[in-house]
Amino acid sequence: MSAEVFSYESLVHAVAGAVGSVTAMSVFFPLDTARLRLQVDENRKAKSTPSILADIIKEEGLLAPYRGWFPVICSLCCSNFVYFYCFHWLKASWLKDRQSTPSTDLIVGIAAGVINVLLTTPLWVVNTRLKLQGSKFRNADIRPTNYAGILDAFQQIIRKEGVGALWNGTFPSLLLVLNPAIQFMIYEGLKRQLRRGVPRELSSLEVFIIGAVAKAVATTFTYPLQTIQSILRFGQFNTPNEKSKLLSSLQTIKGLLVNRARKHGMLGLFKGLEAKLLQTVLTAALMFLLYEKIASCTFRVMGLSSNHYKKR
């Protein structure tokens, strides 16, 4: 397996996934802004996505929906590069040219997700803080922050909250590796069904649709934990004083879920889901489309097309 850790094929998948995700996120970034506001600002009413964006633009300016774009794109690029690389490297190492199965895709997806979370959580903590900086919240308990940029945010968080704060939300993030794992399991499974054993390149419409379906299912299933993850990364919460970090994390997640359900009902756990689905489904569909096209073109240039499709 060691010889396969650094392979051109895994590198192609990683670069294609990173470029596809960055492009797709840039196109649909305002939808992510609306989603994050609904998750973090409990006192903001759950309106339609266009209404939320209109309020943000009216209160904070025309460019407000793109606040925090650069740190998000940096984090996303690194995160998807790591995930796509690990997913395809682990899958190739495990299968050894055998046909993949849904259970294999799920297990490999979880393993790749764990590696990704442990490596990139600090980037996501910083980008969440920067994206929400300067926002006008309905919740008066939220404290304003003043970061000059990515490096300054790292320095201030470490100085004021300790190094461990950079991994805020790691536990729910580890639980949320199910999201991309389920997404890839469904995506790869639908791709195999459409090919029916014949190695061929799927059409753009086929890739777009199965990418959208896979992400919609994964997002709906894991959304309450995604909300808790956003709140923990933002850092505006009180943690219980437990000696065990695992027990403390579990108690924090349980407390936030119960508190949100008590305040807003069970539907409060899914506040912002419409904005999240609109953003994440479109982003994932476009990302998979670009990823497949970039990867297939690269493999074709390398003369690996037929073998590439048989392996997948």
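## Helix H8

Helix H8 covers residues 178-195, and at 1.5 Å a residue its 18 residues should span 26 Å; the end C-alpha atoms lie 25 Å apart, which agrees. The expected span is 1.5 Å times one less than the number of residues. Helices are DSSP runs (H or I, at least four residues), numbered from the N terminus.

This is a predicted model, in which local features need pLDDT of at least 70 and side-chain atom pairs count only at pLDDT 80 or more, while totals for chains, interfaces and linings use all residues. Residues are numbered from 1 along each chain as its sequence is written, and side-chain values use heavy atoms, with hydrogens and water left out.

Just after H8, Arg196 has a positive phi of about 50°.

## Aromatic pairs

The structure holds 11 aromatic pairs. Rings of Phe, Tyr and Trp (its six-membered ring) pair if their centres lie within 6.5 Å; planes under 30 degrees apart count as stacked, over 60 as edge-to-face and the rest as tilted.

The ring centres of Tyr83 and Phe87 are 6.2 Å apart with planes at 15°, so this pair is stacked. Both residues belong to helix H4 (residues 69-95), four residues apart, about one turn of the helix. Tyr83 and Phe87 are both buried.

## Link between H4 and H8

Phe87 also forms a tilted pair with Phe184, at 4.7 Å centre to centre and 50° between the planes. This pair links distant parts of the chain, with Phe87 in H4 and Phe184 in H8, 97 residues apart. Both Phe87 and Phe184 are buried.

Ring pairs join Tyr83, Phe84, Phe87, Phe184, Tyr187, Phe288 and Tyr291 into a cluster.

Key:
Helix = DSSP H or I, 4+ residues; strand = E, 2+ residues; numbered from the N terminus. Buried < 20%, exposed > 50% of the residue type's maximum accessible area, 1.4 Å probe, protein only.
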